[in-house]
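Here is a short note to read beside the model. Take the points in order, and keep the structure open as you go.

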Amino acid sequence: MILMNIFRILICISFIYELAMASIQINKTLETTKEDQASAVRVILETPLLPCRLMRVPQLRAFLEHELHKFPEVEVKQHGGDPRLIFFSGSGRVTGMKSIARMSSRQIVDILNYHSVYSSSHKDSFEEELKK
């Protein structure tokens, strides 16, 4: 009988411990989400693997030639599908994905700006405004 009561007490303690650990995990998740929103975004631009497919998307080619160098956060990777942007939080979580197959170079820049990825010239002008 005493062993049965001790066993019940241990089960209760175990249950309370599990609840406390779950609460801690939820708080950590909420903190991580807040950090993700505030942290810098990393972006991967996936382009068609074959150059002949890239030739079929002149807007993307124009972005790669004239705008890409202004965005140091954007990493280019080749893959077999349609071109797309993949946005990552500071903790490495995917926060968004956008197909850019039919977008103009200006629209791609606007999408990057919407996700708080700005060109280096935009950052320089912003820093100059802060100094004034």
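1. Start with Lys70. Lys70 counts as partly exposed, at 26% relative accessibility. The cut-offs are these: buried means under 20% relative accessible area, exposed over 50%, and partly exposed in between (1.4 Å probe, protein chains only). Lys70 sits in the loop between helix 3 (58-66) and strand 2 (74-79). Helices (H or I, at least four residues) and strands (E, at least two) are DSSP runs, numbered from the N terminus.

2. A word on the model. This is a predicted model, in which local features need pLDDT of at least 70 and side-chain atom pairs count only at pLDDT 80 or more, while totals for chains, interfaces and linings use all residues. Residues are numbered from 1 along each chain as its sequence is written, and side-chain values use heavy atoms, with hydrogens and water left out.

3. What does Lys70 touch, leaving aside its neighbours within four places in sequence? Lys70 is in contact with Tyr118, Ser119 and Ser120. Contact means heavy atoms within 4.5 Å. Lys70 and Tyr118 are 48 residues apart in sequence, yet their C-alpha atoms are 8.3 Å apart in space.

4. Now look at Glu46, in strand 1 (residues 42-48). Glu46 is buried, with a relative accessible area of 13%. Its side chain makes a polar contact of 2.5 Å with the side chain of Arg84. Such a contact is a pair of N or O atoms within 3.5 Å; within protein, one must be able to donate a hydrogen and the other to accept it, and residues adjacent in sequence count only if both atoms are side-chain atoms.

5. Next comes strand 3 (residues 84-88). Four of its five residues are buried, so strand 3 is largely enclosed by the rest of the structure. Strand 3 runs antiparallel to strand 1, with five bridges joining them. Two strands pair if DSSP finds at least two bridges between them. Val43 has Phe87 as its bridge partner in strand 3. Strand 3 also pairs with strand 4 (residues 94-99), antiparallel, over five bridges. There, Leu85 stands opposite Lys98.

6. Finish with helix 4 (residues 105-114). Its buried residues are Ser105, Ile108, Val109, Ile111 and Leu112. They lie on the same side of helix 4, because they cover an arc of only 160° around the axis. The arc is that of the directions from the helix axis to the C-beta atoms. Arg106 and Tyr114 are exposed on the other side. The buried residues pack against strand 1, helix 3, strand 2, strand 3 and strand 4.
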